[in-house]
Amino acid sequence: MKTTRSSASLLILTLTLTGAAGAALAQGASADQPAASIANPAIWPKVRARPSRDPKVEKKIDALLAAMSMEDKVGQIIQVDIGSIKPADVVTYKLGSILNGGNSGPYDDEYASPAKWLQLAVEFYDASMTRSDSRPKIPIIWGTDSVHGNNNIVGATLFPHNIGLGAARNRDLIRQIGEVTALETAAAGLDWTFAPTLAVVQDDRWGRTYESYSEEPQIAADYAGAMIEGVQGKVGTKDFLAPNHLIATTKHFLGDGGTGGRDQGDTRVPETVLRDVHLGGYPAAIEAGTQSVMASFSSWNGEKMSGNESLLTGVLKERMGFDGFVVGDWNSHGQVKGCSNEDCPQAINAGLDMFMYSGPGWKQLYDNTLAEAKAGTIPAARLDDAVRRILRVKLRAGTFDRGRPSSRAFAAKFDVIASPQHRAIAREAVRESMVLLKNNGVLPLKPAANILVVGSAADSISQQAGGWSITWQGADLPNSAFPNATSIWKGIEQTVKAGGGTATYAPDGKFTAKPDAAIVVFGEQPYAEFKGDIPNLEYSPGDKSDLETLRRLKAAGIPVVAVFLSGRPLWVNAEMNASDAFVAAFLPGSEGGGVADVLFAGADGKPAHDFRGKLSFSWPKRPDQYVLNRRDPGYDPLFAFGYGLSYAAPDKVAQLDEARPAGMAETTPGVFYGKGRVPAGWSIDTQTVTQIGVDRRAQEDALRFTWSGSGPQAGRVAVTAPRAIDLSRESNGEISLVFEYRVDAKPAGPVMLGIESGGKTTSVPIGATLARAAPGEWARIAVPLQCFASRGANMAAITAPFVLSANAPLAVSLSDVKLDYVSMPMNACGD
């Protein structure tokens with residue numbers, strides 16, 4: 001990434017002659033950087049960055065820098081996940097920051113109490129302040145993904161995800177949510193949140209669509225300042241970065257919403273589109289005083305953002321005047337050209353100020369970075385600038401003055417977590433975020449009526465909260481993990497009981513006495529990045545049980561109200577046709593009672609609360625309309641941006657076209673074998689192994705494989721793709737290869753689980769696990785994809801993502817071969 005001034009000048013001249021705008025300021029571009037990925041800062045907006053620099057603070061930084069060793073400085077620019085580091089390490093390595101990833105809890109406990117979070121925060125702080133020399137004591141700061149409340153901590157208030165807040169169109173509410181999130185996080189002793197996300201999503205297949213306020217940059221611009229002020233406090237007042245606030249992060253800079261629906265993908269757009277669409281709320285966030293910016297995992301026109309100097313330095317820092325620090329995303333620096341997770345001076349030289357690192361090799365990153373700083377590969381001025389920015393934020397945030405996390409003004413005040421006031425704000429956010437898509441005369445419901453509530457989602461707080469709720473993916477959590485929350489069913493039950501009616505919960509939709517109305521709650525299962533990416537916008541391909549339930553109830557003459565939970569607009573024409581009313585509730589969070597507030601009338605028969613939400617994302621007419629933004633040519637949505645019915649402004653929706661586009665496969669992403677079949681075009685290949693269909697949950701929904709021979713070529717089973725697939729993102733994101741099995745005859749020898757790429761199979765042993773299994777009982781094996789990557793597999797070109805081989809007799813039945821997140825030790829690579 002580093003070039004001499006003369007070679008950079010030659011590159012500038014060449015790019016200028018070929019019409020590449022911005023090359024004149026791309027002094028850090030490498031010779032192989034695509035011309036289209038070099039920004040011209042002169043065409044980007046100037047921003048009145050705040051707060052203005054305080055000479056007293058800068059003088060303190062000067063003194064600190066002068067007294068710090070090179071080792072201290074390198075430590076400041078490294079952040080490590082708490083799953084990979086202990087406080088004792090910080091006594092030796094004076095790191096600048098720690099974080100908890102989506103599945104990292106204190107003391108390896110994702111369900112740790114707030115007191116445990118505070119306890120560990122104190123331990124890390126004390127370690128950072130323990131010194132036996134005369135060098136400066138610099139407090140460590142803890143970053144966390146409080147993206148819809150302090151969502152990592154059991155019992156916290158969880159707000160609707162951003163897609164719902166975008167529909168609410170309420171800046172004051174956004175500011176209040178920021179304040180509550182900051183206070184509940186500060187109570188646990190944490191300093192810094194990786195929020196808000198300002199992605200302007202243009203392709204709704206992306207698994208992080210729900211983290212975006214809107215497809216329209218103006219909504220991000222309207223919300224950014226309000227959320228930053230809520231989290232950090234208002235610049236120019238005593239409230240700014242006061243103890244009840246946090247350091248905020250705007251993310252992911254830049255273009256994360258334009259990657260074609262693919263996480264960590266490549267946003268291939270002209271610079272003017274990157275500026276006019278994807279810059280969105282960043283100027284407002286910088287003016288509101290955001291103190292950190294997170295570089296995106298994604299690329300722009302072929303160049304990873306974590307290594308793009310023209311944008312990180314030229315545009316963000318120099319043109320827009322941002323003087324906080326730039327932090328990487330989860331090992332994002334490792335994807336920069338010429339880099340690994342443990343070695344990337346290119347990212348620091350491009351303008352990254354702090355590595356975000358997860359994994360056991362953080363000491364290697366430290367050692368390599370230190371050696372490069374000493375050798376001048378990372379220039380002293382660049383290292384000092386990065387450290388200065390980090391120290392500036394720490395000083396502004398009062399971390400040098402407030403002492404241990406346990407001694408701060410709001411520390412250990414755990415009664416603020418999910419306080420009645422906070423829950424009331426969250427419930428208001430639920431009411432305002434829901435969008436009424438259809439109401440053919442059935443809403444509002446009468447609370448004195450006999451109401452049937454249907455669907456397992458109705459009583460699943462995990463499903464209504466979505467991803468980033470206690471765990472990274474947020475899936476399959478019991479309601480007990482959300483002790484201060486209310487499910488949608490419980491909210492309806494309370495409302496109907498108070499109104500003198502009867503509410504019955506039947507997840508399967510069956511009833512004895514015919515109800516006056518049925519509320520069917522259904523939708524997407526929780527997901528986060530990687531797992532959430534989908535090939536098209538068809539809801540629940542291959543599984544139409546929700547649709548069948550809706551049709552059955554409607555055929556029985558029961559008025560049907562559909563409450564749809566999703567992290568994005570989806571093609572639900574058939575489900576909408578089978579409903580008399582259809583509500584897009586998105587992901588409402590912990591206060592499910594807010595749904596009932598709007599569905600039911602008061603005792604006087606009039607709505608107590610009207611629908612206020614307006615679509616912040618256009619709703620598709622067809623499942624292949626995943627790029628559907630009102631600026632696009634041929635814009636033809638089912639419901640346009642800004643659509644939303646209300647009791648005050650009703651309308652009816654006619655019958656919708658239910659025809660699927662010809663040739664569109666019914667596949668579920670990341671599922672290689674399920675419900676007795678592989679995806680269209682895929683195959684199950686066997687060598688000297690017999691197979692028969694067996695029943696597990698349904699007729700022949702699993703397969704039994706029998707090895708009868710012996711020796712190295714005894715046989716194998718492979719699930720083969722029609723073309724090579726790229727699983728490099730998933731291997732970086734701690735996704736595992738998971739399959740469910742039943743041992744029918746124990747293995748008589750070694751058994752290997754592998755993946756195939758480039759004609760080579762990379763495997764891990766699982767024979768001992770199979771040998772320990774109870775015969776006849778179904779169980780599960782999960783192996784992190786990183787295990788195969790670390791053994792040399794080319795994860796970008798997988799031809800068979802599942803290969804099971806044995807060299808001795810074995811009989812095993814298989815079902816549900818897929819990719820999934822499974823919380824497990826870093827070294828869980830087979831037996």
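Where does Gln 33 lie? Gln 33 is found in the loop between α1 (5-17) and α2, helices being DSSP runs of H or I of at least four residues and strands runs of E of at least two, numbered from the N terminus. The model is predicted, so local features need pLDDT of at least 70 and side-chain atom pairs count only at pLDDT 80 or more, while totals for chains, interfaces and linings use all residues. Residues are numbered from 1 along each chain as its sequence is written, and side-chain values use heavy atoms, with hydrogens and water left out.

- Gln 33 counts as buried at 7% relative accessibility (buried is under 20% relative accessible area, exposed over 50%, partly exposed in between, with a 1.4 Å probe and protein chains only).

- Phe 253 and Leu 254 are joined by a cis peptide bond with omega of about 5 degrees, and Leu 254 lies in the loop between β5 (249-253) and β6 (266-267).

**Positive phi outside glycine**
- Asp 108, in the loop between β2 (97-100) and α5 (114-128), has a positive phi near 60 degrees although it is a residue other than glycine, and it is exposed with a relative accessible area of 64%.
- Asp 816, in strand β28 (residues 810-820), is not a glycine either and has a positive phi of about 55 degrees, but it counts as buried at 17% relative accessibility.
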